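Hi,

Here is the structure I promised to pass on. Please have a look at it first; my notes follow below.

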Amino acid sequence: MEVLDTSIANVALPHMAGSLGASQDEATWVLTSYLVASAIILPISGWLATRFGRKRFYMTCVVIFTVCSLLCGLAQTLPILILARVLQGIGGGGLAPSEQAILADSFPVSKRGQAFAVYGMAVVVAPAIGPTLGGWITDNFNWHWIFFINIPIGILSLFLSNRMVEDPPYLMEQRATIMKDKPKVDFTGLGLVAVGVGCLEFVLDKGQEKDWFGDSMITTFFLIAVFLLVFFVFWEWRHPDPIVDLKLLKNRNFGTAVFLQFILGIVLFSTTVLIPQFLQTLLGYTAERSGMVLSPGGLLMMVLMPVAGILVAKMDARLLVSIGYTLTALMLFNLTHLSLDVSFAQITLWRALQVIGLPFVFIPISTLNYVGVPRNKSNQISSFSNFARNLGGSMGTAMLTTFLTRTSQTHQSALAANTGNSMAYNAYIDRTKSALMALGQGADQAKQAAVGHAYTQMVRQASMLSYMNAFWLLSAIIACLIPLPFIMRKPPPRVKAPIEAAAH
């Protein structure tokens, strides 16, 4: 439900803007506010879970997320809705790291891959069905219900979490030691990471809309983010009880896994944005129909997640990641064959093929995260890796959106420069002009209309070429990562208790 909420509201924005008396630009804060709040809480959720108890922290996040979903649905003004979304993002951002840490502590090393596979089914399916579900709810009910649907799930989650989830003994001992020693809270680090990440997320989300560094506000927020985050790294590295334990990155496995999670976020989130955008802006698809193109890919990943979970216990997880990246690079390259007359069936198939490698990346990386890292750092590991994936998604989407705009302008200029002396262009103008004159338009009017129509087609062609370039770029980036997993240490063999203990 938390991952679903990052995408389900997208298609309802025009309805929200209309019913709340806001502009489309103002309504986008419904999305931005949630993403910024979620990004702020992610890196510090590990510290919070350790300090207050993981079960207590997790259930608190569920309560905040559920209650604020109700407030979002009841909101009658835009400021109230944005405030409720900020609080909802704070609750939602703390869920995923706690969930992954719970899984890591609940299952032996040999079973972790399958546990993460079941968990990963939710992570990958939610963004795929979000636009479709959001469009269907908005069209058949109203936008308030995209938030109300969280409430029964949240209540059920609280009941089951209270009955079935327990903090492991080592975590309870760790918390007891912390409470006994009563160390001072690192408010400086807390403030630095909250404001720094918040400013960075704002820059990534609003940069393209505001023309990046051509806008003084974006420049100011970027400089603040860089200064605060650099100072945060310096401060936390030397602090005895850091909010975010950056020294974990010195572990070869974990440092590499964080980078791979970052790239996974770029691919997963950016393609989920690019494909519907291509379909809606160039092919005229509705939001619901473009969401239907993504849904089969999400269902295919759901089927392949358990397969990846089984394989990760039977073969070298590093090899599995490499195979996953190879498949992803090949299928992303396949999307460079896009055209303006691509059929619904064809683009749906290409999208489904594009995601078949991702389960073989997500599951092994989630398993390799914990190799050689102390067990009492599992909360930090999960919050770090989730933050890396979400940050990759934000940065990838922002950079590729800018890349699309700039390359589209370049292609448009190149196409325009070659039209003047083109026999095909002149023949097209003559044919269109003749057809319009046959419908009763004057010669001058028909010629202007023909040129306008040709210009529209040229803009569409330039945009399509820019999408092809974007998928080619993503494919090249992923291809470069194929050998990288072998930097990591091989995880321990299938389980005997001593080996398992050593792994922690």
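Among contacts between residues at least 6 apart in sequence, 82% join residues at least 24 apart in the protein chain. Keep in mind that this is a predicted model. The chain has 22 helices and zero strands. It runs to 504 residues, and 52% of them count as buried. The exposed surface comes to about 22200 Å². Carbon and sulfur atoms supply 68% of that surface.

Next, the second largest pocket. It holds about 850 Å³ of space. Its lining is made up of 27 residues. Closest to the pocket centre are Tyr-58, Glu-99, Tyr-119, Ser-157 and Ser-161. Which helices supply at least two residues each of this lining? They are helix 5 (54-74), helix 7 (95-106), helix 8 (109-140) and helix 10 (150-164). Helix 10 gives the most, with eight residues.

Then helix 13. This helix covers residues 216-238, which is 23 residues. At 1.5 Å a residue, helix 13 should span 33 Å. Five residues of helix 13 are buried: Ile-218, Ala-225, Leu-228, Phe-232 and Glu-236. What do the buried residues of helix 13 pack against? Their partner is helix 12 (187-206).

You will find Ile-365 in helix 18, residues 359-368. Is Ile-365 buried or exposed? Its relative accessible area is 0%. Buried means under 20%, so Ile-365 counts as buried. Leaving aside residues up to four places away in sequence, Ile-365 touches Ala-257, Leu-260, Gln-261, Val-321 and Tyr-325. Take Leu-260 from that list. Leu-260 and Ile-365 are 105 residues apart along the chain, yet their C-alpha atoms are separated by 7.5 Å.

Best wishes

Terms used: Residues are numbered from 1 along each chain as its sequence is written. This is a predicted model: local features need pLDDT of at least 70, side-chain atom pairs count only at pLDDT 80 or more; totals for chains, interfaces and linings use all residues. Side-chain values use heavy atoms; hydrogens and water are left out. Helices (H or I, at least four residues) and strands (E, at least two) are DSSP runs, numbered from the N terminus. The expected span of a helix is 1.5 Å times one less than its number of residues. Buried means under 20% relative accessible area, exposed over 50%, partly exposed in between (1.4 Å probe, protein chains only). Contact means heavy atoms within 4.5 Å. Accessible areas come from the Shrake-Rupley method with a 1.4 Å probe; for residues, only the protein chains shown count as cover. On a 1 Å grid over the protein atoms alone, a cavity is a set of points where a 1.4 Å probe fits but cannot get out, and a pocket is an open set with protein on both sides within 12 Å along at least five of seven lines; lining residues have an atom within 4 Å of a point. Grid points are joined across faces, edges and corners, and a volume is the space filled by probe spheres set on the points.
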